[in-house]
Amino acid sequence: MILGGWSVMGTTNMNDFSYDSLLDKVKQLELEKQTLEQENNFQRKTIVSLERKMAKLDEITQQRDWLLDTLTKKISDLSRFQTDLFRAERFSTIGEMSARLAHDLRNPLAIIKNTIEVVKLKHSSAIPNDLMNMFRAIDNASSRMVFQLDEVLNFVRSSPLECDEYSLSAILDSAIDKIVIPDKIRVNRPQNDVYLFCDMEKIEAVFTNLLMNAIQAMENSGEITVRFSQNYDATTFEIEDSGPGIQENILDKIFEPLFTTKSHGTGLGLPTVKTIIQQHYGTIQVTNKPTIFSIFIPKRTES
Ligand SMILES: Nc1ncnc2c1ncn2[C@@H]1O[C@H](COP(=O)(O)OP(=O)(O)O)[C@@H](O)[C@H]1O
Ligand SMILES: [Mg+2]
């Protein structure tokens with residue numbers, strides 16, 4: 001009994017002990033679980049924050065790459081500007097020299113031309129045919145020289161615009177009067193007229209240059225067509241020629257100063273044209289097949 005009683009008591013104690021210890025164990029485990037969960041939470045938060053930091057780092061890396069890119073571009077722009085500036089300085093010295101030379105040569109040339117005209121007029125009946133032909137050759141050669149000198153002068157002397165409202169047809173007629181058009185070249189003038197707020201002399205130089213280029217490209221025979229159009233915000237004029245066109249590989253060079261494919265060319269005609277059009281806030285485009293130079297000038301009412 002005692003033994004049994006002890007045994008019962010003992011069993012009860014042992015049960016108590018194992019229940020308590022189990023309970024403790026469970027509590028302890030519960031605590032451990034909570035601690036682990038907390039740690040887990042903490043780690044998850046750390047991971048999220050790390051991921052955010054990584055994303056930020058990615059962003060910063062991208063920004064750094066972009067900045068590096070921009071910096072490299074700016075540095076190359078700067079070195080290009082320096083080269084341009086150097087070229088511009090050289091050009092301005094050469095420009096001043098050529099302007100002086102062109103100006104000094106233009107007057108004696110005009111005297112030669114005029115003298116020949118006077119001789120021809122005064123002695124027309126007495127001049128034999130072969131001498132007349134020589135006079136004509138001198139006249140043509142000096143006209144070509146005057147034209148080339150004018151190209152140089154137009155290019156180097158970029159004066160401010162003197163604008164007014166002008167008829168584009170009148171300007172075209174005046175340009176055509178100033179150039180020699182070979183017999184086998186037909187110029188189709190536009191049927192319509194438009195009025196443009198512009199510097200008349202400069203737009204006339206645009207026409208002269210484009211017409212001369214067309215004539216020279218066609219080697220004395222072909223057709224030139226001039227078109228005018230206008231809408232509420234711009235005036236457009238086009239000069240088309242039936243010549244061979246411009247080789248694709250030089251298309252992007254033809255507006256560069258001094259670029260020419262002609263043995264007697266100055267390479268200053270198209271750069272002058274472009275400068276004049278830009279002074280009028282306009283643009284110039286060229287297309288091949290057929291060759292068309294198109295000029296767009298936005299409408300303005302004051303200079
Ligand atoms: N209508 C055209 N047809 C073919 N080529 C042209 C025409 N207009 C211009 N070009 C080309 O553009 C070059 C540059 O023209 P420009 O600046 O007027 O100089 P230049 O007439 O003195 O050569 C010409 O040498 C020529 O090769
Ligand atoms: Mg030319």
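Analyst: A crossing is left-handed if the near helix is turned anticlockwise from the far one by less than a right angle, and right-handed if clockwise. This is a predicted model, where local features need pLDDT of at least 70 and side-chain atom pairs count only at pLDDT 80 or more, while totals for chains, interfaces and linings use all residues. Residues are numbered from 1 along each chain as its sequence is written, with chains lettered from A and ligands numbered from 1 in written order.

User: Is the crossing of α2 and α5 left-handed or right-handed?

Analyst: Helices (H or I, at least four residues) and strands (E, at least two) are DSSP runs, numbered from the N terminus. The axes of α2 (129-156) and α5 (269-279) come within 9 Å and cross at roughly 35 degrees; axes are lines fitted to C-alpha atoms, for helices over the stretch in contact, and angles run from 0 to 180 degrees between N-to-C directions. The crossing is left-handed.

User: Which residues of α5 make the contact with α2?

Analyst: Contact takes C-beta atoms, placed from the backbone, within 7 Å. On α2 you've got E151, N154 and F155. Facing them on α5 are G269, P271 and T272.

User: What is the bridge partner of T283 in β7?

Analyst: β6 and β7 (291-298) run antiparallel, joined by five bridges. In β7, T283 is partnered by F296.

Methods
Contact = placed C-beta atoms within 7 Å. Pairing = 2+ DSSP bridges.
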